[in-house]
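Please view the sequence and the model together while reading.

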Amino acid sequence: MKSPSAGDLEDYLLNKVDLRRQQISQIVEEVQRVVHHLTTEISLQDLRFQAVPYSDTYNGNIKVLAPSQFLVTVPVKGLVGYREAREQRWRYYTLRGTRLPCPLQDPEGLRQWLEAEQFMKSQWQWHEADVNIEGDIVPAKVLQVFRKLVENAIGTCHLSGKVSMLTQLSAVWVAVETSTCQVELELVPTVEIPTVWPEKARWPPCLKRWPSRQRVECIKSFGFALLACSNYHWQQSFLQAEQVLLDQLDEDGGCRRKCFQALRQMKEDVWCPGKRPVVTSHHLQTVLFWTCEKYPHSKDWQVFSKAFLRLVRKLHKCVSQHFLKHYFVRKSNLLQHASSGELDTVAQKLALFLKNPQIGLP
């Protein structure tokens, strides 16, 4: 084994990045064929759900969180013209239909209630008792309906040998056998809300050099989405806005994207490998955004080794403190529910790397 120079480290990591890109694109190709097939069948069985479209290029409904863990957002339809809720009210219901002596806890961070009346137009099916309680569209009820549809679609589409439900989880997860490996998909019913920027996302809090004011307006124009991934509260998501930020990272000729790809490669190979890692590519992306905001100038992103280590130090700080603010909703900690033990293990590996920022090359 030899100790590589900074240039060797860059070449080694970016060669691995190219190999990963080829492997992931093949897996995504197979996964999106399965997802399109399943969701097309689901949309025929229940008009409230849309098929995830097949795309020859980037598919915005499929997010790669790790090489074997994907998030798939399944758009719902029949809810048009979203407005923020103006009145607060207490909720005393349960999912089983009983009454509580004290009201349900109000949502925090990225979470919010969703009432059918918040839409100027809503199909009557969204007012049905299978998804609605006292005017609220309840994510746990939506997931119950959706899980059954997924189970049925796997059979109807003759995919039982390729796709299986992972039943021990409250969310809807399936395992898909691809030609190279098994991947796990979380399928999440999603209310897409284009052109509206939520009040909770007070971004940017003041004038920043990165991104530019024009870019900020462009990003906000993509709106946000609400994901059904908890019992009572919907979770705000900004996947499209985040992708726009990622796509336009290096217009000044910097190496931000290279640094992010190298950080992700080291995370997946060394610091936090595995099927459902405690640190995902979404966490790394958020670390990147915060670092770009702190170091907005082109000169800060010209030397790969310096810029890469800056990202590693920021990641180490966040993982050590178990605290990573969401980039748009800054009162939300993305590591709040992560395993403390697993985060500490990652922090130790990052600390070792920072003491001697080299990797042994064969």
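What are the helix and strand percentages over residues 255-351, and how many Å apart are the end C-alpha atoms? Over residues 255-351 the chain is 62% helix and 0% strand, with the end C-alpha atoms 23 Å apart. Helices (H or I, at least four residues) and strands (E, at least two) are DSSP runs, numbered from the N terminus.

This is a predicted model, in which local features need pLDDT of at least 70 and side-chain atom pairs count only at pLDDT 80 or more, while totals for chains, interfaces and linings use all residues. Residues are numbered from 1 along each chain as its sequence is written, and side-chain values use heavy atoms, with hydrogens and water left out.

**Annotated spans**

- The unreviewed UniProt entry annotates residues 58-247 as "domain: Mab-21-like nucleotidyltransferase".
- Residues 58-247 are 18% helix and 29% strand, and the end C-alpha atoms of this span lie 11 Å apart.
- Residues 255-351 carry the UniProt annotation "domain: Mab-21-like HhH/H2TH-like", also from an unreviewed entry.
- UniProt positions are given in the numbering used here, feature names are shortened, and annotations may be inferred rather than shown by experiment.

**Nonpolar cores**

- A nonpolar core is a set of buried Ala, Val, Leu, Ile, Met, Phe, Trp, Tyr and Cys residues joined through side-chain atoms within 4.5 Å. Buried means under 20% relative accessible area, exposed over 50%, and partly exposed in between (1.4 Å probe, protein chains only).
- The largest nonpolar core has 98 residues, and Leu185, Trp271, Phe308 and Phe328 have the most contacts inside it. Helix H1 (residues 6-45) supplies the largest share of this core, 10 residues.
- A second, separate core of six residues includes Trp113, Ile133, Val138 and Tyr232.
- Leaving aside residues up to four places away in sequence, Trp271 touches Leu263, Met266, Phe308, Val312, Leu315, Val346, Lys349, Leu350 and Phe353. Contact here means heavy atoms within 4.5 Å.

- Of the 12 residues in strand E10 (residues 182-193), 10 are buried.
- Two strands pair if DSSP finds at least two bridges between them.
- Strand E2 (residues 69-75) pairs with E10 in the parallel sense over seven bridges, and Val72 stands opposite Leu187 in E10.
- Strand E9 (residues 173-177) pairs with E10 in the antiparallel sense over five bridges. Val176 has Val183 in E10 as its bridge partner, and a hairpin of four residues joins E9 to E10.
- E10 and E11 run antiparallel and are joined by four bridges; Val191 stands opposite Leu226 in E11.

**Helix H4**

- Helix H4 (residues 239-247) is largely enclosed by the rest of the structure, because seven of its nine residues are buried.
- The buried residues of H4 pack against strand E1 (62-66), E2, helix H3 (213-220), E12, helix H5 (256-271) and H6.

**Aromatic rings**

- The whole structure holds 19 aromatic pairs. Rings of Phe, Tyr and Trp (its six-membered ring) pair if their centres lie within 6.5 Å; planes under 30 degrees apart count as stacked, over 60 as edge-to-face and the rest as tilted.
- The ring centres of Tyr93 and Tyr232 are 5.9 Å apart and the planes are at 45°, so this pair is tilted. Tyr93 lies in the loop between strand E3 (79-82) and strand E4 (111-112) and Tyr232 in the loop between strand E11 (224-227) and strand E12 (234-237), so the pair ties together parts 139 residues apart in sequence. Both Tyr93 and Tyr232 are buried.
- Phe289 and Tyr327 form another tilted aromatic pair, at 5.5 Å centre to centre and 50° between the planes, and both residues are buried.
- The charged end of Arg310 sits over the ring of Tyr295, 4.3 Å from its centre. Arg310 also lies over the face of Trp301, at 5.4 Å from the ring centre. A charge sits over a ring if NZ of Lys or CZ of Arg is within 6 Å of the ring centre and within 35 degrees of the ring normal.

**Backbone features**

- Most residues other than glycine have a negative phi, and most peptide bonds are trans.
- A cis peptide bond joins Trp203 and Pro204, with omega about -15°, and another joins Trp210 and Pro211, with omega about -10°.
- Glu134, although not a glycine, has a positive phi of about 50°; Glu134 counts as partly exposed at 43% relative accessibility.
- His158 has a positive phi of about 55° and is exposed, with a relative accessible area of 72%.
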